[in-house]
Amino acid sequence: MKNNKVVSLISIIILLGILILFWGLSRKNTKIENANNVESNYVKVDSFNNQSELNGKYDNLDLKSAKINMPQSLISGELEIPELFVKSDNLCEDFFDLTEATFDIDKDLFNNSEFSNNTYPLGPAVTDECLYAAIGCTGFATVDFINNNYSLDEDKNVEVIDLNNYVDNEYSLINSKGKISEFVSFADKYFKKYTNLLKIDAVPTSVNIYENEDLGRYMMVRYQQRIGGVDLSNVLSAYDEEFNEHYNSWECGYICISGLEKEDVMCINIQGGALELNSSSKIDEIISLNQAADILNKKLAEYKEYTINSISIEYLLSYKGNKQSEGIEQSEYNHRDNASWAEYASFDYYAFEPYWTFYVDKTYKNEIVAYVNCRNGDVLFVNNQ
């Protein structure tokens, strides 16, 4: 009986040893397989080129006509909204002088401006029967010829053109006929006068054709701000509050035009303002575009196929706080206490990181766009329709 117990104990020990050996080999093989997968799915950023191709087949994504735009380099880090002024200064005067010279305005706008602490961003503004011009402490700026009776909220948005993937067709606006590229080049000349003054790097990324019942058709050229040649996401979710709690859209601005003459500039609006790079670190490797597309395809509902128009990498911002409120920055004006409701305020700061960005629709306030985190594969999906 005793010998049987010994034999049984030995058998159990041998069995446990075999199980442990197989578990160890299995774990080792899993680690190797996962490591190989990670290595094969990551690519070096400096190997990007504009001829990158998608080689996968997807159930839920139509990528046949998507244009792919690759950056030259990527970083992650922290951005901050500066305090440009708290009372009228040389920058304010330069803004009004630029407006006078650009649009042949025979008025002393700067000396006729009123500085207000009751609105935000605080700054000087001029208002008369045909012009509203203002500049704010965050880098916000607007020139609006208010005798134009139009409304981006009420007028019909006839068509949206993604400037990363479009056919250069001819369009008739209120006062001129021309190709999309002609209108964008004309608009860019005027918009850049103001972004250059404010040291903002911006690029036109989409065109919205609007139709006003009384005036006819006009065009809004929408811009995205850039950091190191990479666009900042400007999409806010209309329905997903969780998305908006974690990520911030950065509205660079737009220009509306009715033709190809100086008198056809309807408004120039720089919304977010200036941004300063506080800190950054270089990103050498990210998941490949093919892997990002595969991850997105698996996340989307099987019954719905999305046609992707353009693909790029964009930075998404995450709000971290206000450095003045935290006692890190000092100023004679308390921005967040006086403007707790403002979307952007001086000394606000953000973390940012890159996402593969898949555009289905760039219609202003009706966007459909998917994001895949370039480093961990997290998927975000915004459908504003």
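Student: How many cavities of 30 Å³ or more does a search of the whole structure find?
Tutor: Keep in mind that we are looking at a predicted model. Rolling a probe the size of a water molecule over the atoms shows where empty space is left. With a threshold of 30 Å³ or more, the search of the whole structure gives one cavity.

Student: Which strands each supply at least two residues of the lining of the largest cavity?
Tutor: The largest cavity has a volume of about 50 Å³. Its lining includes Thr205, Ser206, Arg222 and Gln224. By class, the lining has two nonpolar, four polar and three charged residues. The strands that each give at least two of the lining residues are E12 (202–212) and E13 (216–227).

Student: Now the largest pocket: which residues lie closest to its centre?
Tutor: About 850 Å³ of space lies in this pocket. Its lining counts 41 residues, with 19 nonpolar, 14 polar and eight charged ones. Strands E5 (114–116), E6 (123–127), E7, E8 and E16 each contribute at least two residues to that lining. The residues closest to the centre are Phe140, Tyr254, Asn269, Gln271 and Tyr364.

Student: Which residue of E16 stands opposite Thr142?
Tutor: Start with E7 (residues 132–135) and E8 (residues 141–144), an antiparallel pair joined by four bridges. Here Ala134 has Thr142 in E8 as its bridge partner. E8 is also joined by four bridges to E16 (residues 265–270), again antiparallel. On that side, the residue opposite Thr142 is Asn269.

Student: In the hairpin of E7 and E8, which residue takes a positive phi?
Tutor: This hairpin has five residues between the strands. One of its residues has a phi near 105°, and that residue is Gly139.

Student: Is Lys199 buried or exposed?
Tutor: You will find Lys199 in the loop between H4 and E12. Most residues other than glycine have a negative phi, and most peptide bonds are trans. Lys199 is not a glycine, yet it has a positive phi of about 60°. Because its relative accessibility is 73%, and over 50% is the cut-off, Lys199 counts as exposed.

Student: What about Lys365: what is its relative accessible area?
Tutor: Lys365 sits in the loop between strand E21 (348–361) and strand E22 (368–373). Lys365 is not a glycine either, and has a positive phi of about 70°. Lys365 is partly exposed, and its relative accessible area is 48%.

Student: Which peptide bond is cis, with omega near 0°?
Tutor: Look in the loop between E5 and E6, where Pro121 is found. The cis bond there runs from Tyr120 to Pro121.

Student: Why does Ile105 count as buried?
Tutor: Ile105 lies in the loop between helix H2 (90–103) and helix H3 (109–112). Not counting residues up to four places away in sequence, Ile105 touches Thr99, Glu100 and Leu131. Ile105 counts as buried because the cut-off is under 20% and its relative accessible area is 17%.

Methods
Residues are numbered from 1 along each chain as its sequence is written. This is a predicted model: local features need pLDDT of at least 70, side-chain atom pairs count only at pLDDT 80 or more; totals for chains, interfaces and linings use all residues. Side-chain values use heavy atoms; hydrogens and water are left out. Two strands pair if DSSP finds at least two bridges between them. Buried means under 20% relative accessible area, exposed over 50%, partly exposed in between (1.4 Å probe, protein chains only). Contact means heavy atoms within 4.5 Å. On a 1 Å grid over the protein atoms alone, a cavity is a set of points where a 1.4 Å probe fits but cannot get out, and a pocket is an open set with protein on both sides within 12 Å along at least five of seven lines; lining residues have an atom within 4 Å of a point. Grid points are joined across faces, edges and corners, and a volume is the space filled by probe spheres set on the points. Ala, Val, Leu, Ile, Met, Phe, Trp, Tyr, Cys and Pro count as nonpolar, Asp, Glu, Lys and Arg as charged, and the others, Gly among them, as polar.
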